Amino acid sequence: MNRSLLVVLACCVMVGCGSLDPPVPVVEVVPVPEPPPTAEPIWYPEPVVQWGRLNLRGNGRYQVGERSYSTWRQLDEYVAEGHASWRDDRFDERVALSGVKFDNDALTAAHRYLPIPSFLRVTNLANGEATIVRVADRGPFRSDELLDVSRATALRLGFGDVISRPVRIELVTEPSDRFVLETNYVYGRDAAMSVVSRLVELNLGHLSTTIIPHQYQNRYRVKIGEFASVYDANHVADWLSTNLQIGSSLITE
């Protein structure tokens with residue numbers, strides 16, 4: 001068999017092998033769905049509603065830029081609808097007009113006219129989620145929106161990545177019941193301090209935690225509170241049981 005014939009046969013074999021290759025799959029490009037308008041609400045404990053003396057700072061007349069404002073006093077009822085925006089990380093170290101730091105990791109809000117402190121039930125009209133917040137600052141001033149809410153409030157109400165949501169706000173005038181948790185005994189103060197440290201990781205830095213020693217033995221309870229609702233208290237009780245295997249008792253104060 002001459003050389004030219006071998007070349008022809010080799011080419012035929014290569015063509016034949018090539019014809020047996022599987023077809024190249026066609027990759028269908030599936031569009032990524034847009035995120036839902038609200039995210040799953042994240043838990044933050046509601047503030048305990050307690051009416052007392054108004055803050056010396058932040059109430060009365062105040063001025064922002066060239067405009068002056070007068071805060072309201074002695075309201076029995078207040079309901080309004082509008083938009084609320086949430087405060088980003090730039091407000092983490094901001095000192096509110098009340099003279100204390102604005103707690104962006106608690107359920108707090110800013111309103112132009114309501115007394116400090118006031119308590120509002122805020123409902124996200126986009127998904128129906130609601131929570132109680134404490135008015136702790138003044139604003140918003142750069143828009144006509146009704147309310148500025150903290151980052152924690154936006155998370156609990158399921159704002160998602162949207163900076164502003166339609167809301168309804170209602171003044172809360174009835175004091176809330178007060179609940180505390182007391183853990184079962186743990187052995188050793190170091191163990192009790194460890195429970196407190198773990199609770200801080202659960203965004204409980206603004207709630208009180210007290211270590212209660214037993215009178216005669218090296219045993220301790222951890223008292224946690226105050227909670228504004230049984231739901232909030234049970235959330236922490238479930239967390240203690242699941243993550244630390246520590247039981248607790250709910251107490252009404």
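Predicted model: local features only at pLDDT ≥ 70, side-chain atom pairs only at ≥ 80, totals over all residues.
Trainee: Among contacts between residues at least 6 apart in sequence, what percentage join residues at least 24 apart?
Mentor: The figure is 77% for the protein.

Trainee: Let us turn to the helices. How do helix 3 and helix 4 cross?
Mentor: Helix 3 covers residues 189-200 and helix 4 covers residues 230-244. Their axes come within 12 Å and cross at roughly 120°. The crossing of helix 3 past helix 4 is right-handed.

Trainee: Which residues make that contact?
Mentor: Helix 3 contributes Val195, Arg198 and Leu199. From helix 4 come Val236, Trp239, Leu240, Asn243 and Leu244.

Trainee: How many of them are nonpolar, polar or charged?
Mentor: The contact of helix 3 with helix 4 involves six nonpolar residues, one polar residue and one charged residue.

Trainee: New topic: how many salt bridges does a search of the whole structure find?
Mentor: The search finds nine salt bridges. One of them joins the side chains of Arg168 and Glu81, with an N to O distance of 3.6 Å.

Trainee: Where do Arg168 and Glu81 lie?
Mentor: Arg168 belongs to strand 8 (residues 164-171) and Glu81 to strand 3 (residues 79-86), so this pair ties together parts that are 87 residues apart in sequence.

Trainee: Are those two buried or exposed?
Mentor: Arg168 is partly exposed, its relative accessible area being 27%. Glu81 counts as exposed, at 55% relative accessibility.

Trainee: What about Asp137, which residue does it form a salt bridge with?
Mentor: The partner of Asp137 is Arg87, and their closest N and O atoms are 3.0 Å apart. Asp137 lies in strand 6 (residues 130-137), while Arg87 sits in the loop between strand 3 and strand 4 (108-110), so the pair ties together parts that are 50 residues apart in sequence.

Trainee: Where is the salt bridge of Glu226?
Mentor: Glu226 pairs with Arg178, and the closest N and O atoms are 3.7 Å apart. Glu226 is in strand 12 (residues 219-227) and Arg178 in the loop between strand 8 and strand 9 (179-183), so the pair ties together parts that are 48 residues apart in sequence. Glu226 counts as partly exposed at 26% relative accessibility, and Arg178 is partly exposed with a relative accessible area of 29%.

Trainee: Which residues do salt bridges that share partners join into one network?
Mentor: Glu46, Arg156 and Asp232 are joined in that way.

Trainee: Last one: where does Thr108 lie, and is Thr108 buried or exposed?
Mentor: Thr108 lies in strand 4. Thr108 is buried, with a relative accessible area of 1%.

Trainee: Which residues is Thr108 in contact with, leaving aside its neighbours within four places in sequence?
Mentor: Thr108 is then in contact with Phe102, Asp103, Val133, Arg134, Ala136, Val149, Ser150 and Thr153.

Methods
Residues numbered from 1 in each chain as written. Heavy atoms only, no water. Contact = heavy atoms within 4.5 Å. Axes fitted to C-alpha atoms, helices over the stretch in contact; angles between N-to-C directions. Helix = DSSP H or I, 4+ residues; strand = E, 2+ residues; numbered from the N terminus. Left-handed = near helix turned anticlockwise from the far one by under 90°. Nonpolar A, V, L, I, M, F, W, Y, C, P; charged D, E, K, R; others polar. Salt bridge = Lys/Arg side-chain N within 4 Å of Asp/Glu carboxyl O. Buried < 20%, exposed > 50% of the residue type's maximum accessible area, 1.4 Å probe, protein only.
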